[in-house]
Amino acid sequence: MTSTFPNISISTERLVLRPLDEDDVRELAAMMNDEQVGAWTDVPQPYSEDQARSWITEYAPAERESGRGLDLAVTEFLTQRLVGIVQLAKTNWHVRSTELSYIIAPWARGEGYASEAALATAQWLFGDQKLERIELRTAADNTASQQVAQKIGCISEGVLRGACIAHVRADDGTWADVRTDYIVWSLLPEDLDGAGDQLADTGGFTTFTDWN
């Protein structure tokens, strides 16, 4: 029997992680058109509001309902402004594992939002969902993403050679593919012993199910 993720909201002192909704279309599209997002992800460039709406209304619900993954909007607690996305994918309920990734809007980088959101998500996955392994994959030159993985307690397991396609913008504005390596990271429940103190400094997190 396939399990599914619930409609969930996770709150920390600074952030609320919640399901995407149609009010996020404009901010989501703007965030996906950022240069760094284009370089390190497979998000189409340029990224339209219609594509953002399709993600929110079609792709994300289908992933959750099938049990394959979960897409959460990361918002500021005080302003409710969209600061990023946490995405779970390739979930295996038999192995109790999932792959986690994150994107932060350019204006919100450098504030520790990615690590705070990822750590809160990991604690919820290990606690409420009883998962036993979270995997992250970062491009070899994406040092910012690697720093987030290290900060939340991930262990580097090795390199997948030539397994990642990054992107470089040419002078004429087009994008070219560049093959590079993936660094594979894992996070197990026991790895959170040290990282949990970092989240405690931000007030911990609270979960709310059946989000509306």
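Is L28 buried or exposed? L28 is buried, with a relative accessible area of 0%. The close-ups below come from a predicted model.

**View 1. L28 sits in helix α1.** Leaving aside residues up to four places away in sequence, L28 touches A52, W55, I56, L82 and I85. A relative accessible area of 0% is under 20%, so L28 counts as buried. A118 is 90 residues from L28 along the chain. The C-alpha atoms of L28 and A118 are separated by 18 Å.

**View 2. Helix α1 crosses helix α3.** Two packed helices are described by the angle between their axes and the distance between the axes. Here α1 covers residues 25–32 and α3 covers residues 49–66. Their axes come within 8 Å. They cross at roughly 115°. That makes α1 roughly perpendicular to α3. The crossing is right-handed.

**View 3. Residues of α1 meet residues of α3.** From α1 come V25, R26, L28, A29 and M32. From α3 come E49, A52, R53, W55 and I56. Seven residues of this contact are nonpolar, and three are charged. No polar residue takes part. L28 belongs to the α1 side, and its contacts include A52, W55 and I56.

View 4. Most peptide bonds are trans. P46 is in the loop between α2 (35–40) and α3.

**View 5. K90 has a positive phi.** Most residues other than glycine have a negative phi. For K90, phi is near 55°. K90 belongs to strand β4, residues 82–92. How exposed is K90? The relative accessible area of K90 is 62%, so K90 counts as exposed.

**View 6. R96 also has a positive phi.** R96 is a residue other than glycine, and its phi is near 65°. R96 lies in the loop between β4 and β5 (97–104). The relative accessible area of R96 is 21%, which makes R96 partly exposed.

**View 7. Helix α4 is mostly covered.** Helix α4 runs through residues 113–127 and has 15 residues. From its first C-alpha to its last, α4 reaches 21 Å. That is close to the 21 Å expected at 1.5 Å a residue. How many of the 15 residues of α4 are buried? The count is 13.

Note on methods. Residues are numbered from 1 along each chain as its sequence is written. This is a predicted model: local features need pLDDT of at least 70, side-chain atom pairs count only at pLDDT 80 or more; totals for chains, interfaces and linings use all residues. Side-chain values use heavy atoms; hydrogens and water are left out. Axes are lines fitted to C-alpha atoms, for helices over the stretch in contact, and angles run from 0 to 180 degrees between N-to-C directions. Helices (H or I, at least four residues) and strands (E, at least two) are DSSP runs, numbered from the N terminus. Angles under 35 degrees count as roughly parallel, over 145 as roughly antiparallel, 65 to 115 as roughly perpendicular and the rest as oblique. A crossing is left-handed if the near helix is turned anticlockwise from the far one by less than a right angle, and right-handed if clockwise. Contact means heavy atoms within 4.5 Å. Ala, Val, Leu, Ile, Met, Phe, Trp, Tyr, Cys and Pro count as nonpolar, Asp, Glu, Lys and Arg as charged, and the others, Gly among them, as polar. The expected span of a helix is 1.5 Å times one less than its number of residues. Buried means under 20% relative accessible area, exposed over 50%, partly exposed in between (1.4 Å probe, protein chains only).
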